[in-house]
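Please open the structure in your viewer and keep a selection panel at hand. The tour below moves from one selection to the next and says what is to be found at each stop.

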Amino acid sequence: MAEPVILGIETSCDETAAALVTADRRILAAPIAAQLDLHAPYGGVVPEIAARAHVERLDLLIEAAMRQAGLGFRDLAAVAATAGPGLIGGLMVGLVTAKTLCLVHRLPLIAINHLEGHALTARLTDDVNFPYLLLLVSGGHCQLLIVEDVGRYRRLGTTIDDALGEAFDKVAKMLGLGYPGGPAVERLAREGDPARFAFPRPLLGQPGCHFSFSGLKTAVRQAVLRLGPAAIEPQNLADLCASFQEAAADSLAERTANAIDVFRERHPLGDTLVVAGGVAANARICERLENLAAGQGMRLVAPPLPLCGDNAVMIAWAGQERLALGHDDPLDTPARARWPLDPGAEPAIGAGVKA
Ligand code: KG4
Ligand code: ZN
């Protein structure tokens, strides 16, 4: 019998994506439309513009995916769509599209938590077994979680202010590097001296697994102000980027080391650290995490680049994991701007905590 195929839909932020993934881990199609050009003039994602672009592009992407795979809707086992967390307008576009397809073609709907999509990607790409420790670092999230099973996540830490991708984006903006900032900062950092500026390592030496990046971002701003017009000289830019990236990597590695201790206490045989989310594309950060994992007798699993950032493959795969357990969702399932993976998680101290 042919393996079940699931159509995945992702519209939670500024990527419109559709994907067809089989239960035996084959990606049949994964067209994606980024919206960088639309948001670049504003230096960040504008929710209304994002939602409108999803409306204009999603059906064409789904059509392209079906055509590429040579499938009709009756060949599908289910439709999985991101239902949260994210920008509510975009989420509604993806979820309503999925519901319509399900209604018309009598297919089960699977409403996916976007973070669960990131969390389970390593099981698609590397067949990782539960439990594992997950560092989720993206533009909207910076969390350490123990992934115990599908739907069972224990959050050990989150950010008390900015997500790391957001800090990369804000630093890039203050240096005039455009949006999104992560790749630009990483590129310049390669030519820079990571020791030139002594930026703070937020929360260094403090117990726990929470993160904070706003102090680091402020320190970069102060250094830029001190340099004045010289800040945009190529070597200064490169040194600022390298020093910022190094401080961020140090902070990430130190907080993750604390999380490894907690993980090992609960799961002494656990041996896998997974990194996911857009910032996982950063080679220097992955290198630091790899060294950390190796020093603790663990292996690091990082998804391939196209699956680090937002995509619909991870949504289709999370759908496969849920379908295999017999889960589906009613057609009146709402989109949710906030949807924590671990609702019982201890809140991070301070204001502006990301769920
Ligand atoms: O997972 P993602 O595509 O979207 C969210 O769910 O947020 O992550 C996007 C974030 C952006 O903040 C972007 O600047 C960051 O990931 N990012 C990077 C790199 N590539 C993307 N940050 C650091 N280094 C990179 N190479
Ligand atoms: Zn994401």
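This is a predicted model: local features need pLDDT of at least 70, side-chain atom pairs count only at pLDDT 80 or more; totals for chains, interfaces and linings use all residues.

**First stop: the zinc ion**

Select the zinc ion (ligand 2) together with His114, His118 and Asp310, which coordinate the metal through NE2 of His114, NE2 of His118 and OD of Asp310, at 2.1 to 2.2 Å. Along the sequence these donor residues follow the spacing H-x3-H-x191-D. If you now colour by secondary structure, you will find His114 in helix 4 (residues 114-126) and Asp310 in the loop between strand 11 (299-301) and helix 10 (313-324), so the pair ties together parts that are 196 residues apart in sequence. Switching to a surface view, bear in mind that His114 and Asp310 are both buried.

**Second stop: ligand 1**

Next select ligand 1 and the 20 residues that surround it, the closest of which are Gly139, Asp169, Gly182, Glu186 and Gly278. For the contacts with oxygen atoms of the ligand, show the backbone of Gly278, where an N or O atom lies 2.9 Å from an oxygen atom of ligand 1, and then that of Gly182, where the corresponding distance is 3.0 Å. The side chain of Ser138 also belongs in this view, with an N or O atom 3.5 Å from an oxygen atom of ligand 1. Taken alone, ligand 1 exposes 550 Å², of which the protein buries 88%.

Widening the selection to the whole shell around ligand 1, look for helix 4, helix 5 (164-174) and helix 6 (181-189), each of which supplies at least two of the shell residues. Helix 6 provides the largest share, with 4 residues. Coloured by residue class, the shell around ligand 1 shows 5 nonpolar, 12 polar and 3 charged residues.

**Last stop: Leu7**

Finally, select Leu7, which is found in strand 1 (residues 5-10). Is Leu7 buried or exposed? Leu7 counts as buried because its relative accessibility is 0%, the limit for that term being under 20%.

Methods:
Residues are numbered from 1 along each chain as its sequence is written. Chains are lettered from A and ligands numbered from 1 in the order in which they are written. Side-chain values use heavy atoms; hydrogens and water are left out. Donors are N, O and S atoms within 2.8 Å of the metal (3.2 Å for Na, K and Ca); water is not among the atoms, so sites may look incomplete. Buried means under 20% relative accessible area, exposed over 50%, partly exposed in between (1.4 Å probe, protein chains only). A residue is near a molecule or strand if one of its heavy atoms lies within 4 Å of it. A polar contact is a pair of N or O atoms within 3.5 Å; within protein, one must be able to donate a hydrogen and the other to accept it, and residues adjacent in sequence count only if both atoms are side-chain atoms. Accessible areas come from the Shrake-Rupley method with a 1.4 Å probe; for residues, only the protein chains shown count as cover. Ala, Val, Leu, Ile, Met, Phe, Trp, Tyr, Cys and Pro count as nonpolar, Asp, Glu, Lys and Arg as charged, and the others, Gly among them, as polar.
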